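Visitor: I am new to this structure and would like to know what the words used for it rest on. Please set each value against its definition.

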Amino acid sequence: MAGERAEERSGGARAAAGPARRAGDRGRYGRLSRERVLASALELVDREGLSALSMRRLGAELGVEAMALYRYADSKDALLDGLVEALYLELEERLAREPAAPSWRAGLHRVARATYDVCLAHPQAVPLLATRMLAVPLARRPLAVLRDHERVLTLLRESGLDDTGVAAAFRAFTSWLLGYVAVELRPMVDNPEESDPAFRLGLHHMPSRELPVLRETAPALAERGGVAGLTEGLDALLDRFTGTQG
């Protein structure tokens, strides 16, 4: 961590110094671009997790010196924000491939399903959707994130809610969507080589007298709710805020 922080500080100083750099940004795959840097960072995180990501490691992946990356992300935090941006850009690409929704409710379902699919495709990066949003003020979030906020708020406004209702429904929509994904992605299997469900989940590690309901419910909790569970919960929320059904 100390080495990484030192690397970030020195990288930030280099970035602040302007474009005159000795490190070239032509790697083993040709000249770099922001898109290529973020795509490689996401591939690395998908493969090895967030703990594996550093400027030095990403530079090695791309075949360049770490300092060459600072023109595309001037710190580790900026790189993490870039990963969030990459997830939301993928969300936009998925939405662009789908037909337009016929109603505001169908539009929210469409956004929720596409977000769910992106998160399941990149589970190692999903924690950033919470942690970076806690660290970055609204106006400084990546434009792709802000466009998603705009998309959802516009759909909610089309339901007939006033600004106060739209804001409350937006909070509920976001909380349900990201919370649902987080529960879906929680690790449940203790021993994947076990065929018996109880041993596969490691229920024998749980004290039966203290946790009887959890032990009984664990096999059901281990099953993903999928898109059906996501949309059922979303409809319940929307009914609550709009006073309508279907």
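Visitor: Why is Ser40 called buried?

Guide: Ser40 has a relative accessibility of 14%. Buried means under 20% relative accessible area, exposed means over 50%, and partly exposed lies in between, with a 1.4 Å probe and protein chains only. Ser40 therefore counts as buried. This is a predicted model, in which local features need pLDDT of at least 70 and side-chain atom pairs count only at pLDDT 80 or more, while totals for chains, interfaces and linings use all residues. Residues are numbered from 1 along each chain as its sequence is written, and side-chain values use heavy atoms, with hydrogens and water left out.

Visitor: Where is Ser40, and which residues is Ser40 in contact with?

Guide: Ser40 is placed in helix H2. Helices are DSSP runs of H or I with at least four residues, strands are runs of E with at least two, and both are numbered from the N terminus. Contact means heavy atoms within 4.5 Å. With neighbours within four places in sequence left aside, Ser40 is in contact with Leu58 and Leu62.

Visitor: How do you know that the span of H2 is close to the expected one?

Guide: The expected span of a helix is 1.5 Å times one less than its number of residues. H2 covers residues 34–48, which is 15 residues, and reaches 21 Å from its first C-alpha to its last, close to the expected 21 Å. Just after H2, Gly49 has a positive phi of about 95°.

Visitor: Which residues of H2 are buried, and what do they pack against?

Guide: Val37, Leu38, Ser40, Ala41, Leu42, Leu44 and Val45 are buried in H2. The buried residues of H2 pack against helix H3 (55–62) and helix H4 (76–97).

Visitor: What makes Ala41 count as buried?

Guide: Ala41, also in H2, has 0% relative accessibility and so counts as buried. Not counting residues up to four places away in sequence, Ala41 touches Leu53, Leu58, Leu79 and Leu83. Ala41 and Ala86 are 45 residues apart along the chain, and their C-alpha atoms are separated by 9.5 Å.

Visitor: Is Ala86 buried or exposed, and why?

Guide: The relative accessibility of Ala86 is 13%, so Ala86 counts as buried. Ala86 is placed in helix H4. From Ala86 to Val145 there are 59 residues in sequence and 9.6 Å in space, C-alpha to C-alpha.

Visitor: Why does Arg57 get the label partly exposed?

Guide: Arg57 has 29% relative accessibility and therefore counts as partly exposed. Arg57 lies in helix H3. Apart from neighbours within four places in sequence, Arg57 is in contact with Leu44, Arg47, Glu48 and Ala52. Between Arg57 and Ala41 the C-alpha to C-alpha distance is 9.3 Å, at 16 residues apart in sequence.

Visitor: What makes Arg132 count as buried?

Guide: The value for Arg132 is 11% relative accessibility, so Arg132 counts as buried. Arg132 belongs to helix H6 (residues 128–135). Residues up to four places away in sequence not counted, Arg132 touches Asp77, Leu80, Asp81 and Val84.

Visitor: Why is Leu203 called buried, and where is Leu203?

Guide: At 8% relative accessibility, Leu203 counts as buried. Leu203 lies in the loop between helix H9 (197–201) and helix H10 (212–221). Leu203 touches Ala198, Arg215 and Ala218, not counting residues up to four places away in sequence.

Visitor: At what angle do H5 and H8 pack?

Guide: Helix H5 (residues 104–121) and helix H8 (residues 163–185) pack at about 30°, with axes 11 Å apart. Axes are lines fitted to C-alpha atoms, for helices over the stretch in contact, and angles run from 0 to 180 degrees between N-to-C directions. Among the residues that meet are Leu108 and Val111 in H5 and Phe173 and Leu177 in H8.

Visitor: How many helices and strands does the chain have, and how much of the chain is buried?

Guide: The chain has 11 helices and two strands. Buried residues make up 41% of its 246 residues.
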